[in-house]
Amino acid sequence: MKETMTSDELKRLETAWNGRESINEDEFFTEVLCHHSIPPFIRTLIYSKFCQGKSRISFQSFVIGIVILTKASTDIRLEFLKNEPGIEDWIDNPPELTSHLFEIHYNFYQVLAGVTHLDEREVEELEKVFGSITDTKLCKLTRNGFNSLVSGAIENYFIDSLFRAFDGNGDNLIDFKELVCGLSASCRGPHMAQLNFVAQMFDSDSDGYLTSQDIDLLYDQLFIVTKLHAQYTSIRMVELYWRILFVGPTIFQALRICLINRIELDSFTEWNIISSEWWKKWQFCLKSDTVVPPITNSTIIASKLKNDWSAKVPSLSKEGAPLIIGLTEGKDYEKLPPCLWRALLRWHGSAVHEGISLPRRVIPLLYVEPFSSTPNKSVIELYPPSLLILRHGTASGGWLQSALDSSLRQLPWCLVSLSRVSTVAELLDLLIQQLRISDSDSVRLWLMEIDGKITRKLLQNDALTLFDLNIVNTAQVLLELRNTDMSWPEEVCRLELSNGDVDINDNEELKYKKGVTGLYNMGNTCYMNSGLQCLSNTRPLTEYFLNGMHKDVLKKLNKSDKGSLALEYGEIIEELWSGKKRNIAPIKLRRAIYAKSSGIFTERCQHDCQEFIAILLDLLHEDLNAVQSKPYVVVKDSDGRPDSVVANEAWEAYLAREKSIISHLFSGQLRSSLTCQICKTVSSRFDAFTCLQLPIPIENLLLIPVVVVKRDGCIPKRYGYRLNSESKISDLKQELAKSSSLPADSLNILCLNRTGQLIKNVSDAIEANENLLSVYPSDSLLYAFELPRSENSQVEKISTVIAAHRKMQYNESYLLGASRGCTIQLFGVPIVLPFSFDKTTGNELYEGVWLQVSRLLIDGSSEHINRTRGINRAIDAGEDIRSGYPFDLRIVGDTFEWCHRCPWSAFCRGCILPQTEQPITKHITALAIDWKPAALYLRYQHSVEFLCRDDDSVLSAWQLHYQPCSLTSCLGDFTNAELLDEEIFCKKCNRKTPTIKNLAIWRLPKILIIHFKRFVYMESSKTWIKSSKVVDFPIQHLDLKEWSSNIESSRSTNHYGAMASGHYIAYAKNQEQWFCFNDSTCQLFFIYFIP
């Protein structure tokens, strides 16, 4: 075995095996023989050969089998395979154990090194640096990121010019290849390359020419640079800076002139502290050309005390270790700009594994010396406060898992060092990021101790700084995570200990604001809290209870013993409006409601807020109803009488049975009329209501954006439509034909996912004109490709072939080179090409692809061929285009992974389609566009793959689809006439007839409660969904003249989430100010709209 397998191959196999004892059949055919076309009986046969009589394959058995299969002689392989059908080809042509594709297919580093003045190692090192300075989402260097990187080290008037010189494609972003090429030209290139780079800096319109204004600016700015630093030209300064930042060390004097002496303290928000002792050693080593020792700051770092928490818990912040008190700049430490510090650390390394970096922020002197005569002077904050972060845990030392755990503890979690100018929001963001918490509302902070003094304060104002909180040196902060039932551990624990009588925190601004009192969440009780806050801010009802009128009624009705709910509600209102407590717990009220509602509101279960308000009002009405003996009332038919007479009769009958503050404030009257469609007789009925449940209009329309790709290779154009969900693919093609002036039959539509790849089982369905538009997922992308037309302007009835962009990802560890030495990566948007069997030629397919992809290349399209702007590369990577196409077309299957023509045992990634004028006489399933490395890495622009121009219809369709509906439109839908599904008996016709039902608001209550019915049942999908439609209604002076009144909004409760889960928040008006009530949190709310 050792003679047939190299040590590197064996080591690679061990790495890919990943320490497993054995693998099963699925793992074997996923990681070794991964071809999807292997027949089942062949799978069983091969697996049994490798198992050697066992149920699973061990590593030893695998190595033996793979060596026999790939390395052994023909006779041994013949004995092993025994002329088994389907794999007999392996006897003479075995699969490769080791992939040699990398020898002919250059990797990214090799390509860049080949066209620049940098070697492969430097390119690889630059990529590591680039990853630390780029935007994490774009993976590119933005203009702001570039400014922060060079600001202070490069004159401000050079920054924009320098960015433009690096930004080769002019997209206002610098990608990695642009950075490498720019550094090569400015730092390593010959004088002509450097001069070309500088010329690009002053080429204001990037057209490849310097105008007279550009030349004047160049001379002016060079004169300024020469005046400031006579011994350096602008070219040398650019080169010097980039050498310092990316390439390698230079002499100390140049560093001092180009960086240290030129940078003001305010140029960076933070600086790095370094030991003067090491700094002097570094200077000496550079001058004496000796080896520079690793960086060490041991002489300025304070030693850890035995009981210091920093030795027991990890540190999250980047300020590093604390410094010795009383350090002096120049004597004990030096300050370095971040760019220079990163370069020094990269060149010389660190003497310790961690804690070497000592960044410190620049702050006004006021925060360090409050009584200084120069409070606005900038200084470096050497000694930022240290915060010990606590988290809830249990007595066993684990983190809290349940709010009901009786062993609740506050345990040290980590240390954070933050500047005095840091805000509570910055601290919270740091902790949220560390815990990967997506919902910031589920976290809050408590200040437990300041400089050894115990305190207890909920940090609700995110804008407060550590300085505002009077934190000088140390503090303890509790990080509290909301429980799954929406309760807070601190509140639950204290409520249990105090039996509900506890006030956790006072907010100074709202301390005496009556009615602005929070309600503790006792476990999924947000529905109750938001409902109570809305009712509490209903002033007529609240004044009734605050004045004790409910007690008078109960006493008069002799219900003092039975009216416990009204009494409990009254006590809650008194507490909410006392102005003495910041938060209260409505425990007794909850128990009273639970007892009287037959257990509907089960503890710690989620419920509907509207249902809670309705039941609470009903229970209060029962307690306070002045009518103890309700008379029997017979509801009379209208029998043609005027509606006003029937309505008054019904209203008087209602008041004869129901008379309380609840009915007085909240009761209105609805009219329900039935109209016979035969005799047109109208029968009306009038009923009282306390809550108006309005449906939100849901349009049965789909918002469909479609990108049309024409054959001329121009930038695609996107159109927007709103079509009925019952519309067909043919209907969409007709709309596209009207917009794009293309025949409907000339369009071929593809359904892609967000990465541009075909969605399985959908693309085929969407090609059928009679299929519904609902077959495609709502988050997919639709592309419509133009097909050619014949000379008589009629669309040719030809088939098509799909070509997908792909590249090879070469793996360092794999088990079989023939299959897993590289994996396929698809990218970009596929292309639809016309293909006629025995007619279309290879050249036509190549030209058809080139026509569509040339716009994706830098200088690739015809409109850019004559562009003369210089490039920052030593070798022009466009030679592969001028000598042919920058890609190969390979014939593949529908997965774009394996060859369609070769047998699976060949592990062919696709046979190259020849470029000839001969018609193709064999069927083609699909094509893979395999890009040549230089073109892919240096000229292909991934940023323009999905680029398209938007037609005006896109914006108009989007605005129309997502425009808010009005409250009046909801009322209109509520009162619209509808034909009943079942026929109703008509007295006049003396039989059941088709009937139209119509609802109308006859009498509005003094206080109108509106419930928007957001959850609707979709008959087509047989599911309930929540409508996200925005409802637009005025906060003041709601004009309901059509419904007989004028109303002002004063409170609202909103549900956030889905049908089975979510959270309620109330918004209410208190003394001309709006507040947001989120359980125990009450905040002033400047209302423009309620989210």
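## Helix packing and the EF-hand span

Let us start with Val180, whose place is in helix α11, residues 176-188. Helices here are DSSP runs of H or I of at least four residues, strands are runs of E of at least two, and both are numbered from the N terminus. The model is a predicted one, in which local features need pLDDT of at least 70, side-chain atom pairs count only at pLDDT 80 or more, and totals for chains, interfaces and linings use all residues. Residues are numbered from 1 along each chain as its sequence is written, and side-chain values use heavy atoms, with hydrogens and water left out.

Val180 counts as buried because its relative accessibility is 0%; buried means under 20% relative accessible area, exposed over 50% and partly exposed in between, with a 1.4 Å probe and protein chains only. Leaving aside neighbours within four places in sequence, Val180 is in contact (heavy atoms within 4.5 Å) with Leu112, Thr116, Leu118, Val123 and Leu126.

Which feature does UniProt place at residues 159-189? The unreviewed entry gives "domain: EF-hand" there; UniProt positions follow the numbering used here, feature names are shortened, and annotations may be inferred rather than shown by experiment. In the model, residues 159-189 are 68% helix and 6% strand, and the end C-alpha atoms of the span lie 21 Å apart.

Asn172, in the loop between α10 (156-166) and β4 (173-174), is not a glycine, yet has a positive phi of about 65 degrees. Asp838 also has a positive phi, near 65 degrees, in a residue other than glycine. The loop that holds Asp838 runs between β24 (822-835) and α31 (842-853). Asn172 counts as partly exposed, at 45% relative accessibility, and Asp838 counts as partly exposed at 46%.

Now to the helix pairs. Two packed helices are described by the angle between their axes and the distance between the axes. Axes are lines fitted to C-alpha atoms, for helices over the stretch in contact, and angles run from 0 to 180 degrees between N-to-C directions.

| Helix pair | Angle | Axis distance |
|---|---|---|
| α1 (residues 7-17) and α4 (residues 59-70) | roughly 135 degrees | within 12 Å |
| α4 and α5 (residues 74-81) | about 120 degrees | 8 Å |

The angle makes α4 oblique to α5. Angles under 35 degrees count as roughly parallel, over 145 as roughly antiparallel, 65 to 115 as roughly perpendicular and the rest as oblique. In this pair, Ile68, Leu69 and Thr70 of α4 meet Ile76, Arg77, Phe80 and Leu81 of α5. By class, that contact has five nonpolar, one polar and one charged residues; Ala, Val, Leu, Ile, Met, Phe, Trp, Tyr, Cys and Pro count as nonpolar, Asp, Glu, Lys and Arg as charged, and the others, Gly among them, as polar.

α1 and α4 are likewise oblique to each other. On the α1 side, Leu10, Leu13, Glu14 and Trp17 meet Phe59, Phe62 and Ile66 of α4. The residues of this contact divide into six nonpolar, no polar and one charged.

Finally, the whole chain: its secondary structure comes to 35 helices and 43 strands. Of its 1091 residues, 49% count as buried. Among contacts in the chain with a separation of 6 or more, 68% are between residues 24 or more positions apart.
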